[in-house]
Amino acid sequence: MTASNPPIGLLAEITHRCPLRCPYCSNPLELTRAEAELDAAAWARVLEDAAGLGVLQLHLSGGEPTLRPDLEELVAAARGAGLYVNLITAGVLLDGPRVRRLKAAGLDHVQLSLQDSDVDSADRIGGFKGGHAKKLAAARHLREAGLPITINAVVHRQNLDRIERTVALALDLGAHRLEVAHTQYYGWAFANRAALMPTPEQVDHARRVVDRARADLRGRLVIDYVAPDYYAKYPKPCMGGWGRQVLTIGPDGRTMPCHAAHTIKGLAFDSVKDRPLRWIWQNSPAFEAFRGTDWMQEPCRSCPRKEIDFGGCRCQAMALAGDARATDPACSLSPLHARLHALAREDAATDAPFTYRRMLPKDRLPEAPPALRAVEDA
Amino acid sequence: MVALTAESRPVLQPFCRLRDDPVRGRVVLLAPERVLFPCGTSQAVLARLDGRPLGEVAADLADRYAAPADVILADALTMLQDLADQGFLAEAGADQGFPKEATP
């Protein structure tokens with residue numbers, strides 16, 4: 001067993017339901033239905049336990065968290081427990097009165113997603129006609145209520161050419177922070193990888209635009225940039241290390257080290273319905289599985305960066321290398337790295353259509369891409 | 001807010017919260033997507049950001065901790081500039097962190 005520190009952040013995916021159908025969604029292909037969702041009283045208990053365990057920040061996410069009429073109760077419970085409360089929303093359901101109620105309940109900060117800066121493209125990507133206009137209105141309501149806004153812009157091949165305008169729009173909407181995040185290929189995004197993968201030129205362009213905007217807008221707009229895994233040299237330090245800083249609780253109470261961990265075969269996840277959160281964090285086999293560095297194989301095991309990036313993402317290692325203990329192929333030291341780079345270029349050259357996110361029965365889920373084979377066996 | 005000086009009057013943005021963390025036994029600064037654990041000196045500075053010029057904050061701390069005010073000011077400016085660049089500070093009286101005209 002590896003000693004655990006207290007977690008800092010909790011991602012609460014309080015529902016998988018969403019009026020948008022974004023193909024880049026990282027929710028699982030098999031979405032949790034409304035009947036299985038934890039109720040407000042159960043969440044209130046969990047949020048108090050989380051604060052007692054050391055959690056400082058709560059991210060209320062989904063799906064679309066504002067679909068739950070009891071969201072205000074959750075916000076109030078979190079704030080009552082001393083948590084910093086961040087709402088991650090598409091914003092299409094946020095009218096003025098709702099925003100004021102959330103603010104009164106103690107909401108600290110809102111992350112509002114934009115699918116694009118162009119209205120037609122944004123509505124097409126979100127699969128929701130009129131959605132973009134509703135987001136612009138939501139931003140106005142948030143600003144009027146005095147709630148600080150981060151704009152979340154998930155970027156991919158079909159919106160990257162307008163990234164300058166997205167930066168300008170974030171500024172127009174009164175955001176103090178912009179997150180430009182390359183798509184993370186989990187869940188629906190993984191199934192849509194060919195339709196979303198940017199070209200190397202787009203990636204270079206995005207990097208230059210962000211660097212320039214950071215310099216030009218210093219002190220006015222903070223820009224966070226999430227680099228594209230498939231074009232990386234070193235992998236991201238996923239979740240700051242497995243079971244090290246953050247945890248995710250799904251709509252039904254299933255508790256995981258990250259929101260994609262359910263894709264790792266052989267791990268069983270405990271639910272807050274059955275076990276105390278503290279036990280799950282400190283003792284559950286799923287949280288222990290990749291804690292620390294003892295689980296690592298080569299080249300991670302002897303790598304000087306192993307405490308920096310923790311071998312990258314376990315879910316991506318599972319999906320791409322077929323082994324959750326492997327080095328994340330996003331790392332240049334992975335034997336699959338060259339194949340990953342080649343695959344990114346192949347995907348970027350396709351004109352694959354979107355498979356929109358939706359609730360489907362288990363036997364009708366879209367297919368995810370296969371794991372990679374090393375270039376030499378291909 | 002671009003470059004802080006002894007004349008700047010920074011305050012924490014309303015969306016940032018300084019609070020005790022009983023689990024870790026220390027003070028934390030909570031901000032959007034960031035959790036910071038300020039050291040003792042930083043806490044003393046942050047607790048005094050009430051709209052006074054930083055020069056006065058440094059003088060107050062110099063008095064309290066019997067340390068040279070210029071050293072305290074230099075340390076405070078380094079720490080606060082980093083927070084300002086992350087958008088966590090506003091100039092007292094301004095509403096969005098943009099500096100108004102320089103106060104004489």
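A:Ser271 sits in the loop that links strand S9 (255-256) to helix H10 (277-283) of chain A. The model described here is predicted. In it, A:Ser271 counts as buried because its relative accessible area is 10%, where buried means under 20%.

**Surroundings of A:Ser271**
- A polar atom of the A:Ser271 side chain lies 2.9 Å from the backbone nitrogen of A:Lys273.
- Neighbours within four places in sequence aside, A:Ser271 is in contact with A:Asp252, A:Gly253, A:Arg254 and A:Ile280.

- In soluble globular proteins, nonpolar side chains tend to be buried together.
- The largest nonpolar core contains 63 residues, and A:Leu58, A:Leu60, A:Ile151 and A:Leu178 have the most contacts inside it.
- Helix H1 (residues 40-53) of chain A contributes the most to this core, namely eight residues.
- When residues up to four places away in sequence are not counted, A:Ile151 touches A:Leu112, A:Leu114, A:Ala170, A:Leu173, A:Ala175, A:Arg177, A:Leu178 and A:Glu179.
- Another core, of 28 residues, lies apart from the largest one; among its members are B:Leu29, B:Ala31, B:Val57 and B:Leu89.

**A sheet in chain B**
- Three strands of chain B form an open sheet with antiparallel pairing, in the order S2-S3-S4.
- Strand S2 (17-21) and strand S4 (34-36) of chain B are the edge strands, each pairing on one side only.
- On average, neighbouring strands of this sheet are turned by 30 degrees against each other, direction ignored.
- Strand S3 (residues 26-31) of chain B runs antiparallel to S4(B) and is joined to it by three bridges.
- B:Ala31, one of the residues of the 28-residue core, has B:Arg34 in S4(B) as its bridge partner.

Definitions and conventions: Residues are numbered from 1 along each chain as its sequence is written. Chains are lettered from A and ligands numbered from 1 in the order in which they are written. This is a predicted model: local features need pLDDT of at least 70, side-chain atom pairs count only at pLDDT 80 or more; totals for chains, interfaces and linings use all residues. Side-chain values use heavy atoms; hydrogens and water are left out. Two strands pair if DSSP finds at least two bridges between them. Helices (H or I, at least four residues) and strands (E, at least two) are DSSP runs, numbered from the N terminus. Axes are lines fitted to C-alpha atoms, for helices over the stretch in contact, and angles run from 0 to 180 degrees between N-to-C directions. A nonpolar core is a set of buried Ala, Val, Leu, Ile, Met, Phe, Trp, Tyr and Cys residues joined through side-chain atoms within 4.5 Å. Buried means under 20% relative accessible area, exposed over 50%, partly exposed in between (1.4 Å probe, protein chains only). Contact means heavy atoms within 4.5 Å. A polar contact is a pair of N or O atoms within 3.5 Å; within protein, one must be able to donate a hydrogen and the other to accept it, and residues adjacent in sequence count only if both atoms are side-chain atoms.
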